[in-house]
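Please consider the model shown below. The paragraphs that follow lead from individual side chains to the protein as a whole.

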Amino acid sequence: MLSRKFLLSVFVVALWASPALAQGCAMCRANAKATPKEGQKAINRAIFLMMLPPIGAVTLGTGLIVRYARKRDYENGTESS
């Protein structure tokens with residue numbers, strides 16, 4: 001089991017790093033805003049395409065977890081609804 005100190009340390013480091021991540025986002029926005037409209041549309045499409053695999057993986061994983069849980073509950077005779 002992870003200790004509370006370790007989890008707190010990870011949380012503090014994550015918060016400490018967030019301004020650097022925000023700076024990168026501002027730089028990206030400024031760069032995208034300086035491009036022509038066609039370039040902005042291409043960037044939007046690229047961002048959308050980069051979002052699809054993680055969303056698909058999370059959706060698939062959640063579906064598999066729910067399927068496994070229902071099967072396990074059914075086999076144990078503890079089906080709730």
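Is Lys-41 buried or exposed? The model is a predicted one, and in it Lys-41 has a relative accessible area of 53%. Because the class of exposed residues begins over 50%, Lys-41 is exposed. The largest share comes from α2, with three residues.

Helix α2 runs over residues 37–76 and also holds Met-50. With a relative accessible area of 59%, Met-50 is exposed.

Side chains of opposite charge can pair when their charged atoms come close. Arg-72 and Asp-73 provide the example here, their side chains meeting in a salt bridge with an N to O distance of 3.5 Å. This distance qualifies because the rule asks for a side-chain nitrogen of Lys or Arg within 4 Å of a carboxyl oxygen of Asp or Glu. The count by this rule comes to one salt bridge. Both partners fall in the intermediate class of accessibility: Arg-72 is partly exposed, at a relative accessible area of 37%, and Asp-73 is partly exposed as well, at 23%. Neither value leads to another class, because buried means under 20% and exposed means over 50%.

The protein as a whole can now be described. Its secondary structure consists of two helices and zero strands. Of the 81 residues in the protein, buried residues make up 1%. The accessible surface comes to about 7800 Å², and carbon and sulfur atoms account for 69% of that surface.

Note on methods: Residues numbered from 1 in each chain as written. Predicted model: local features only at pLDDT ≥ 70, side-chain atom pairs only at ≥ 80, totals over all residues. Heavy atoms only, no water. Helix = DSSP H or I, 4+ residues; strand = E, 2+ residues; numbered from the N terminus. Buried < 20%, exposed > 50% of the residue type's maximum accessible area, 1.4 Å probe, protein only. Areas by Shrake-Rupley, 256 points an atom, 1.4 Å probe, with all protein chains shown as cover.
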